Amino acid sequence: MSLQQLHGPLWTDLLTACDLYRAKAYRVDPVPSAADVYFCYIAYDIDLFEEGSLANLTASIIGNIFGFKAVKALRLEDMRFPYALLKTYQGPACGLVVERERMDKYGRPLLGATVKPKLGLSGKNYGRVVFEGLKGGLDFLKDDENINSQPFMRYRERFLYSIEGVNHSAALTGEVKGHYLNATAATMEDMYERADFCSQIGSIIVMIDLVIGYTAIQSMAYWCRKNDMILHLHRAGNSTYSRQKNHGMNFRVICKWMRMAGVDHIHAGTVVGKLEGDPLMIKGFYNTLLDTKSDVNLPEGLFFAQDWASLRKCVPVASGGIHCGQMHQLINYLGDDCVMQFGGGTIGHPDGIQAGATANRVALECMVLARNEGRDYINEGPQILRDAAKTCGPLQTALDLWKDITFNYASTDTADFAETATANV
């Protein structure tokens with residue numbers, strides 16, 4: 001059933017210019033290897049959308065239609081936005097280039113970790129984890145999505161002890177360090193209060209969760225641009241509607257919306273970790289966040305070419321079940337322009353948090369060096385790590401511990417179009 005048939009009763013020539021304003025289904029293609037399933041391309045007039053409002057955009061695109069009885073299942077796979085519409089959005093508050101300049105880190109991925117255990121620590125013990133990880137060689141530590149201001153540790157205690165760890169580690173290492181302080185709260189007033197405190201104590205980055213909603217995300221992005229702060233977004237909750245192929249929406253659409261909304265970081269998959277992530281799909285997410293112009297790439301799930309209208313680049317974050325023994329794979333799949341976060345892969349080190357951080361930093365540095373020297377680091381990766389471990393005890397311990405840890409599960413969200421070789425005749 002076409003969108004015109006579904007929306008037919010809502011339009012009348014007597015009241016509106018319905019030929020202009022109603023959606024237009026202009027192309028229908030069968031989905032490869034899926035019986036009775038189709039891609040439907042739908043166009044909307046730009047005047048249907050309020051300028052710079054993600055809430056208005058989403059209310060139209062994913063509003064009532066997903067609940068219509070006439071539609072058995074529906075999934076939003078991709079969107080293309082007119083240049084003129086993108087120009088009404090702020091985009092990332094700082095962006096990749098500004099973040100690298102602020103961190104003074106070039107030519108390699110940034111390294112991070114999530115504090116573990118994420119719930120139950122006191123403020124002082126929480127700050128100790130932050131200090132140990134940063135002192136050991138990480139660029140960032142972070143709060144997790146559900147650490148806010150609970151009875152066991154109110155947000156002010158966590159912020160103060162965490163920034164003490166940041167400043168102490170920066171003084172000892174001579175490097176710029178950061179900790180994502182989660183400002184997620186029940187109301188916008190509470191979030192602004194927490195973000196203001198974050199800025200007052202000298203943090204360079206603040207964090208929010210996807211579950212706060214589109215208006216709140218845009219509001220925090222505007223605050224971050226005004227206050228010169230990096231904005232990290234945890235994608236908490238996305239898999240409730242993005243993971244299944246038959247209904248909901250693809251995460252690449254969330255990537256596009258969040259780049260428009262103005263976040264600087266978003267968790268976007270690891271390929272080799274514990275969370276959902278087909279290699280081609282993850283590549284498409286990363287390109288969506290980092291490209292200035294994207295071309296159609298069906299194997300990566302990119303159905304449309306997109307000019308990003310000079311919106312700044314949003315940094316993908318790889319987090320979830322990764323460890324230093326996978327470093328050659330991570331660099332190969334994800335490239336330099338990302339944050340690699342090793343939570344359990346840092347905090348779970350037998351010799352302590354600082355040793356875990358050192359193992360990750362040495363693994364990254366030796367692999368980047370091998371790549372820059374022109375070595376076949378993808379195939380030689382395990383040997384490169386073993387060689388580096390000869391002079392780095394923490395790395396050797398980590399490799400011995402994590403070598404058998406894998407998450408080889410089939411992805412539920414895979415490409416509908418497979419790459420095939422073209423025969424020369």
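Helices (H or I, at least four residues) and strands (E, at least two) are DSSP runs, numbered from the N terminus. The model is a predicted one, in which local features need pLDDT of at least 70 and side-chain atom pairs count only at pLDDT 80 or more, while totals for chains, interfaces and linings use all residues. Residues are numbered from 1 along each chain as its sequence is written, and side-chain values use heavy atoms, with hydrogens and water left out.

One place to begin is R100, which is found in helix 5, residues 95–103. With a relative accessibility of 9%, R100 counts as buried, a word that stands for under 20% relative accessible area, as against exposed for over 50% and partly exposed in between, with a 1.4 Å probe and protein chains only. If its neighbours within four places in sequence are left aside, R100 is in contact (heavy atoms within 4.5 Å) with K105, Y106, G107, R108, D336 and D337.

Eight of them form an open sheet in the order 4-14-13-10-8-7-6-5, with parallel pairing, where two strands pair if DSSP finds at least two bridges between them. Strand 4 (110–112) and strand 5 (140–142) stand at the edges with a single partner strand each, so one side of each is left without a neighbour in the sheet. Strand 5 pairs with strand 6 (residues 178–182) in the parallel sense over three bridges, and F140 stands opposite G178 in strand 6.

Among the helices, helix 3 (residues 54–61) packs against helix 11 (residues 251–261) at an angle of about 155 degrees, with their axes 11 Å apart; axes here are lines fitted to C-alpha atoms, for helices over the stretch in contact, and angles run from 0 to 180 degrees between N-to-C directions. That makes helix 3 roughly antiparallel to helix 11, since angles over 145 degrees are given that name. At this contact, L54, L57 and T58 in helix 3 meet W257, M258, M260 and A261 in helix 11.

How values were computed:
Parallel < 35°, antiparallel > 145°, perpendicular 65-115°, else oblique.
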